[in-house]
Amino acid sequence: MTGPTGPSLGDAGPVTVVGGGPAGAMLALYLARQGHDVTVFESRPDLRRVDISAGRSINLALATRGIVCLQQLGLLERVHAITVPMAGRMVHSDGTDGAGVDFQAYSNQPDEVIYSVSRPALNGILLDAAEATGRVTIHFGHRCTAVDLERRVATYRLERGDTVEVAFGTLFGCDGSTSEVRDAVVAAAGGTVIIDPLGHGYKELMLAAGPGGSFRLDPNALHIWPRGEHMLIALPNPDGNFTVTLFLPVEGGPDSFEHLVDEAAVAGFFDRQFPEVVELIPDLVDQFLAHPTGKLATIRSTGWSAGDAAVLVGDAAHAIVPFHGQGMNLAFESCRILDRLLRDQGYAGDLAATFRAFEASRKPNADAIADEALANYVEMRAGVVDPRYLLQRELALELERRHPDRMADRYGMVMFTTMPYAAAKERSERQQEVLDTLTVGISRLDQVDFARAAELVETLGPLPAWE
Ligand SMILES: Cc1cc2nc3c(=O)[nH]c(=O)nc-3n(C[C@H](O)[C@H](O)[C@H](O)COP(=O)(O)OP(=O)(O)OC[C@H]3O[C@@H](n4cnc5c(N)ncnc54)[C@H](O)[C@@H]3O)c2cc1C
């Protein structure tokens, strides 16, 4: 690591965060706790005072990586109050295999659960906490439209249409997957941006609570209706509602968004694929036609920082598809790691080196979880009803029980640890070879040769450390 060769954060002028979403709000709070005065510019109105529009990703799965940050920031209790724990997947099969509803626990440990949380409520808690430090000023209705890194000036368009230029010393680009800041930073750094559309989109629907705010599905599970090439999921909200999301190819045949453009097509599709849900959401067709269709893509970029002038954090640097429920958790973890690097005395006085170290540390992990998220789509829409997948998952959990220091289930390493994502992915691949070997020619757990299993698991060595 380098010695003190350049300015520290704040020396070159105001500390600015563009974007007051999950990453921007959390980062502003971390920076304020370091003693910096921070100004946040957010394009939208204050979500604590206005309703967010229906149909836009309303709740999220919060897991250990995000929880660790909230705990560090003293916010866990407040967030806990607005969450619903989900202990596993409730798989609603299409009935063709005779199966009905199958609960698949996420973990052997009862306390290893994920939490459904309202996006605006969580974001609001972070904004409140940032402001409560007395060091964070938030300007809503300020859309960043240009960043001049040479002059260290950013341009913002205000809600009423006029623009202002505001100087910054260091700017943190937390403006999400369509980041304006990214264009300037990546160009200055000579980096690249690769946007890989999934070809599948999503549509959100609301399944209203029953009488007296009762849940009309089991509230402590993430519900999945897997249908091979597409799927429907439902996450509980504390007030008894469920947010239901359809993931479907954008185009190609009757089972695609391209085809679902009128009442008859939508009603026919749901009657055929999800009759159970038709009964639960009486105004399903109206909601479907009224709500926007969201796009999904993986964005991989390089060149996350421009000297000590600007750095990208969160979806602005790395957007992933939502199937592992990790985009926000990844963004939160990035805030925690950046906070640690900024505090690290080894980097004192060399902000540009700190930012380069941040990218070096986070990029391989962002790439790894991007791959895992894509793989999890196949697992959720098809794997969860595949007998071979189910046997291997049962075996993985059993081996984890028998050899807790040598084996950890793939899903659990992502959701319930802070092992670097890249290390967890590499480990999963090696463990998969063991699972493949042990399940050749068998169909039940009691047919596994556990003596052989113990030998194979021993060769894996210790599990990756948490960071
Ligand atoms: C359908 C869906 C489901 C998801 N489910 C999960 C889940 O279960 N778990 C999980 O961990 N993640 C999930 N994610 C991912 C998660 O939403 C993102 O990873 C997370 O919101 C990233 O936070 P961010 O602050 O980096 O970006 P964003 O949430 O996009 O926030 C960016 C902020 O910047 C503002 N902004 C944008 N442009 C500008 C500009 N030019 N100037 C000023 N402000 C600007 C925006 O208004 C916004 O407030 C899901 C995503 C989708 C689409």
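The second largest pocket of this predicted model has a volume of about 440 Å³. A pocket here is an open set of points on a 1 Å grid over the protein atoms alone, where a 1.4 Å probe fits, with protein on both sides within 12 Å along at least five of seven lines; lining residues have an atom within 4 Å of a point. The volume is the space filled by probe spheres set on the points. Of the 22 lining residues, the closest to the centre are Glu379, Tyr389, Gln392, Arg410 and Gln432. Domain 1 (15-83 + 116-195 + 297-379) and domain 3 (386-458) both contribute to the lining, so the pocket lies between them; the domain bounds come from an automatic or database assignment.

The structure also holds 32 salt bridges. A salt bridge is a side-chain nitrogen of Lys or Arg within 4 Å of a carboxyl oxygen of Asp or Glu. One of them joins aspartate 128 to arginine 48, with the closest N and O atoms 2.7 Å apart. Aspartate 128 also meets arginine 78 in a salt bridge, at 3.9 Å from N to O.

Another salt bridge pairs aspartate 308 with arginine 152, the closest N and O atoms being 2.6 Å apart. Shared partners join Asp46, Arg48, Arg49, Arg78, Asp128 and Glu131 into one network of salt bridges.

Residues are numbered from 1 along each chain as its sequence is written. Local features need pLDDT of at least 70, side-chain atom pairs count only at pLDDT 80 or more, totals for chains, interfaces and linings use all residues, and side-chain values use heavy atoms, without hydrogens and water.
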